Amino acid sequence: MRTIFTFITILMLFGCESEGELTREKIGAMVVSSEATLLFSGTFEPEGGNKVTGTAHIYKEGDSYKLSLKDFSISSGPDLKVYLSKTNRPESFVNLGSLGSGSSQSYTVPEGVSFATYPYVLIHCQQFNHLFASAALKSN
Amino acid sequence: MKIKFLIVLSLFFVFNLARAQGCSDAGICSIGSSFNGNDEKKNNSIEFATILGKGDADVNYVSAYIGYTRFFNEKWSANAKVTSSYANGSFGGRGSVGDVFLTANYVPVATGSYKWSFTSGLKIPFNQSNLKINDHPLPMDYQSSLGTFDFLGSVNLNYKNWDFNYAVQLPVININANSYFSEYSGTADFVTTNLFERKPDVLLRGTYTINTTNRKFSFKPNLLFIYHLGQDTYEDIYGQRKSIAGSEGLTVNGNLIAGYHFASGNSIEASIATPFVVREVRPDGLTRAWTAGVSYKVRF
């Protein structure tokens, strides 16, 4: 009985995770077509004492738009998200979801988003409401 | 007695097969009857349990808990319970410790056949309901905790073989940091629960206890009514808070517990549960179509 009790206790104290079909692909692993048209670019600047390198690019691919991060690296954070924002602060934005882990990442921009209205790319920690980096998009 | 039990058991399985849905709530459901026989010479008990369940879409669950109860005297007792959950489905498998429940129970001096007791306590989450797999945010169905500090309170009445519990589960502090967006997930099986906020629940449970003549076996069919008091909300991709239509309303669960009591005072219980009525949308992930569990209680 003591063995069973100990076994269950150990099971409860330690978390575990394994990938499934919906989580196997890395976040941001989508590839932008070489035929896509580059519309906007910007260089990331650090915020709040964090470190960041890399650039942000907006491509038009068919009828959709893609945000691509290149040569990208950033200080680690607990719950970093990618925003398109009206300003360089996370006040009015479009949340593109969780930030991936590679140096090259791409995200689909939801339909109807105007880059004249949302000319900034932000990397923001949603969980603790802390801005990590911003990039102002400029027309190419 | 035997015939009565067989009728109850048959009815339960008829309902179970006809409406294979299930028991839902991880927190409020666990407020138990406070009149379980306390051996006067043994003031402590430890209970551990494992529960299997089937949820929405293709999610399966293995849950566990460990609880400790201390009877200080005839009137006062306290309980601490730690829960954990492992969910497995198309997103993969994710398990973690969930919440700790701390409750105190007061039993006034009984007058006549009616015995009252009062329970109050807290649910404290071990995480912010934002467990991930390979950095992918997961729906609430895969989270081991709702990510809220809750107040729990219940009034319990025992009359002969009947037990009734009326309870509330009130989220007091929300630390839910879930970041799941349905539109970025690759499936429409689960609704968006980014920065999820949930509303309170109220519960009413009626239990009828059948003991065999030697009191070794007990059977406790019970009905559990849970009303979710309002629509839960989330923050959409534009940062706007949205209500989730259909997330309020009634859940009715049927549950059958069969127990065996050892001469030592220890006991083992098996339970199966399924809902007969469910809310239109259950974004909190409390979507068990059925559960089946075994628990063992050691008294000392």
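Biologist: In strand 8 of chain B, which residue is the bridge partner of Y114(B)?

Modeller: Residues are numbered from 1 along each chain as its sequence is written, while chains are lettered from A and ligands numbered from 1 in the order in which they are written. Helices (H or I, at least four residues) and strands (E, at least two) are DSSP runs, numbered from the N terminus. In strand 8 of chain B, the partner of Y114(B) is Y159(B).

Biologist: How many bridges join strand 5 of chain B to strand 8 of chain B?

Modeller: Two strands pair if DSSP finds at least two bridges between them. Strand 5 (residues 114–125) of chain B also pairs with strand 4 of chain B, antiparallel over eight bridges, and there F101(B) has K123(B) as its bridge partner. Strand 5 and strand 8 (residues 148–159) of chain B run antiparallel, and the bridges joining them number 10.

Biologist: Which residue in strand 4 of chain B stands opposite E17(A)?

Modeller: Here the pairing crosses between chains: strand 1 (residues 16–19) of chain A and strand 4 of chain B are antiparallel over four bridges. Opposite E17(A) stands R94(B).

Biologist: Which element of chain B gives the most to the side that touches chain A?

Modeller: In all, 31 residues of chain B are in contact (C-beta atoms, placed from the backbone, within 7 Å) with 29 residues of chain A. Elements giving two or more residues include strand 2 (60–71) and strand 3 (76–89) of chain B. With six residues, the top contributor is strand 4 of chain B.

Biologist: What residues does V121(A) touch, leaving out those up to four places away in sequence?

Modeller: V121(A) is among the members that touch the most others in the largest nonpolar core, which has 25 residues. Such a core is a set of buried (20 or more other C-beta atoms within 10 Å of its own) Ala, Val, Leu, Ile, Met, Phe, Trp, Tyr and Cys residues joined through C-beta atoms within 7 Å. V121(A) touches G42(A), A56(A), L67(A), L84(A), S134(A), A135(A) and L137(A).

Biologist: Which element of chain A has the lowest mean pLDDT?

Modeller: Chain A averages 90, with 90% of its residues scoring at least 70. Where pLDDT is low, the predicted coordinates should not be read in detail. Strand 5 of chain A has the highest mean, 97, and the lowest, 60, belongs to helix 1 (residues 2–13) of chain A.

Methods
This is a predicted model: local features need pLDDT of at least 70, side-chain atom pairs count only at pLDDT 80 or more; totals for chains, interfaces and linings use all residues. Two residues are in contact if their C-beta atoms, placed from the backbone, lie within 7 Å. A residue is buried if 20 or more other C-beta atoms lie within 10 Å of its own, exposed if 12 or fewer, and partly exposed in between; C-beta atoms are placed from the backbone. pLDDT is the predictor's confidence in each residue, from 0 to 100.
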